[in-house]
Amino acid sequence: MKLMKALLTATAMTFAVAGAAQAKTLVYCSEGSPEGFDPAPWTAGTSFDASSRTIYNRLIEFAPGSTETVPGLAESWETSDDGMEITFHLRQGVKFHTTPYFTPTRDFNADDVIFSFMRQLDKSSPWYEYAPGIAWEYFDSTGMATAIKEIVRVDDHTVKFVLTRADATILATFPMDFASIVSKEYADQLDAAGTRERFNTHPVGTGAFTFVDYQQDAVIRYQAFADYWDGKQPIDDLIFAITVDPGVRQQKLVAGECDIIPYPNPADIEGMKANPDLTVMQQEGFNIGYLAYNTRQAPFDKPEVRRALNKAINKQAIIDAVFQGTGQAAVAPLPPTSWGYNDQLVDDPYDPAAARAELEAAGVSGLKMKVWAMPVQRPYNPNARRMAELIQADFAAIGVEVEIVSMEWGEYLAQSSALDRDGAVLLGWTGDNADPDNFLAVLLGCDGVGSNNRAQWCHQPYEDLIQKAKTTFDQEERKKLYDEAQVIFKQEAPWATIAHSIVTMPMRNSVQNFKQDPLGIHRFVGVDKSE
Amino acid sequence: MLRFALSRLLLVVPTFVGITLIAFLFIRILPGDPVLLMAGERGVSPERHAELMAQFGFDKPMWRQYVDYIGQLLQGNFGHSFSTKRPVLEEFMARFPATLELALCAIVLATVLGVAAGILAAVKRGSWIDQATMGTALVGYSMPIFWWALLLIILFSTSLGWTPVSGRIALTHYFPSVTGFMLVDSLLSGRPGAFASAVHHLVLPTIVLATIPLAVIARQTRSAMLEVLGEVYMMTARSKGLSPSRVIGLHALRNALIPVVTTIGLQVSVLMGGAILTETIFSWPGIGKWMIDSISRRDYQVVQGGLLLIAAMVMLVNLTVDLLYGLVNPRVRHV
């Protein structure tokens, strides 16, 4: 019977696909498999690309190719004068996807917004742990879990978030993937059927593309949503062809089996630029790779020692050898694409003679130190071992002896956070959202000492500025505070800022209107394909 | 024969228990903490860490975790993936047909070509054919799979455009999976060109995966054939005036095949290892890549369950080979 049913479905699909033979299809050869299609529990960009950025919307969205925010499912919003309430006015007439497993009977409304957040907040909700071990990592780590006091349904199309504290950074988290809006009506249907786990495998959203099918580790299929609130997409079908190996992705692109690919091998980029059938887009990544000294330990507790060491690092050599040209020397702890970036900062010059002299002036001689090299490849540091070796050579040139240490990734993350950690650590960060706080406070604030603040640096003048910025709602005012904080950072030098990666997106010339996203999101809203 | 079969079956039980223990310990011996790896640079507070470890029972003593695991297994429950939160058995079954399909094609190709090459080399012993065949087999055996696969892709897919770069079927063919075997599903779909596309996509991964087993089978067949060809009864067969094809095909090959059958059985486990790289390069959605990812994420339940299920498959193949061996060679039934 089961076989018969499958055969009948196969026949029906065959006819459907045959009818749509002329459909415009965009093939994106993605780098991996999504963990699931519920946009909230996961933390990997691969999962976000496949779920939240295709199938779902948020109340506030990032404008395509920008970190600027624009209205999404909320047409407008306002924050109360005391910063304790945010009221969203919802867009009307927004439809949820109709799929073989769900037919919505109503449009999107306030109930969906409340459900989308409360399932992550309310531990007594059956949805809080609807699959074994499910956790709401971003909801917790961005502080949403502690920031929301209650969510009030003002009317069908107005929702008020009552907060526990005035925090200017909270608004920046609404465009994040975990804040995607899901259908309460669909959740109720699954509840009644006792099949909650399907929420993660058979998604329903309001986004530009409707989920069609997922063949594990192979292909994800989507169809443009005809009733999308912002208009149907120029392409009809979107396919994610999962292709793990970057070399193979490149071959598929050249052979015309893919239209667009992420994360090419740096060594292949020049060849692709020379191919007349391909267009190669490049943009600074929203990340930072750094070397964090332990500012609690001598002699790294002295800013003059840290500044001297920074002058000994030849960043250009690192960019050439480690990033193979796909990197940019980092001056500030923020990427240049952030609105909080202080473009007036001047980087430490590469000057080994001055570095040696300044070390001597600080009374440091015969220094021996450890440099920790990550065992994994990350966007902000494609080869930490090689980077450590170059730093080792640079420091040797000024008489500092470096021992390179490395260990398993989980251990590395845990041990590098220890207050008494020996030496300087290579690490980095990719922004979760567009707010400068996500770099300047998370990585360098006093709260992060012993955890994400690997420099163990708690400097009160800097801390006062970033805390003040958190409660300042005027963006221009906040920018001034962050500019000042970055000047202090540069003077105090808790890190050697090494590089921001350059993100490369190669595509066939037929792909039109693709906008590279500074946050590393891959989304296909508005993308077209010429014949 | 029944006694022989039972003795082989009984051996399976302690082997299986041993594998549960090895699978359980293997992933735990590796340094690394699944929660820390999941959190990455973002980190996790000690309270949250403890909470997540408790959710999966990782906070319990090791022996207790093993007992729970065995209890769970006895109820047919392989646990849930720490990463995707989905049942391990469901994840395995979604991927296993792809691996099995590729492995079957590879072993068939390796056996047919390997046995033929081995016979040819043995019959033409010392000739240039023998040297060329065995030389090629040695090259095949020493070939780094990753390099070999990329070379074939660049030559046949990108330069000549004869084969697709990767995947199981052209993206234009879309039909629901019925059996999980693309060759079968494409036939069932009734879509014109679907089966041909599935075969087309199988060509390069099958060649790559078959390369090492083919070389081993060819070498084994040659040496077994040479041994048999030197036996007195072969001289008798020839002196009786039997045709060379009858002497080789009927008398020599039948006896030479006995060790070759064992070799083919052993190659199945080699194929599982080779599948990991082959699947990665050809974006083949099988269990190889899934297992590698799970090890790097320290997804305990997936690694345990996956290893156990793979081991069960390998044991089943070896048991079948043992029984076949008993049938082909009655002397072993009494050993």
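How many residues does the contact take from chain B, and how many from chain A? The contact takes 46 residues from chain B and 49 residues from chain A, where two residues are in contact if their C-beta atoms, placed from the backbone, lie within 7 Å. This is a predicted model, in which local features need pLDDT of at least 70 and side-chain atom pairs count only at pLDDT 80 or more, while totals for chains, interfaces and linings use all residues. Residues are numbered from 1 along each chain as its sequence is written, and chains are lettered from A in the order in which they are written.

On the side of chain B that touches chain A, at least two residues each come from several helices, including α5 (88-123), α7 (145-159) and α11 (244-281); helices here are DSSP runs (H or I, at least four residues) and strands likewise (E, at least two), numbered from the N terminus. The most is given by α7(B), with 5 residues. By class, this side of chain B divides into 21 nonpolar, 16 polar and 9 charged residues, with Ala, Val, Leu, Ile, Met, Phe, Trp, Tyr, Cys and Pro counted as nonpolar, Asp, Glu, Lys and Arg as charged, and the others, Gly among them, as polar.

Within chain B, the axes of α5(B) and α12(B) come within 8 Å and cross at roughly 135°, the axes being lines fitted to C-alpha atoms, for helices over the stretch in contact, with angles running from 0 to 180 degrees between N-to-C directions. B:Glu91, B:Phe92, B:Arg95, B:Phe96 and B:Thr99 in α5(B) meet B:Ile287, B:Gly288 and B:Trp290 in α12(B), a contact with 4 nonpolar, 2 polar and 2 charged residues.

Turning to chain A, 4 strands form an open sheet of mixed pairing in the order β1-β10-β9-β8, where two strands pair if DSSP finds at least two bridges between them. Its edge strands, β1 (25-28) and β8 (209-215) of chain A, each pair on one side only. Of the 7 residues of β8(A), 5 are buried (20 or more other C-beta atoms within 10 Å of a residue's own, all placed from the backbone), so this strand is largely enclosed by the rest of the structure.

Over 6 bridges, β8(A) pairs with β9(A) in the antiparallel sense, and A:Tyr214 stands opposite A:Ile220 in β9(A). The hairpin of β8(A) and β9(A) has 3 residues between the strands, and A:Asp217 takes a positive phi near 65° in this hairpin. Strand β9 (residues 219-224) of chain A is also joined by 5 bridges to β10 (residues 237-241) of chain A, the two running antiparallel, and here A:Arg221 stands opposite A:Ile239 in β10(A).

How values were computed
Buried ≥ 20, exposed ≤ 12 C-beta atoms within 10 Å, placed from the backbone.
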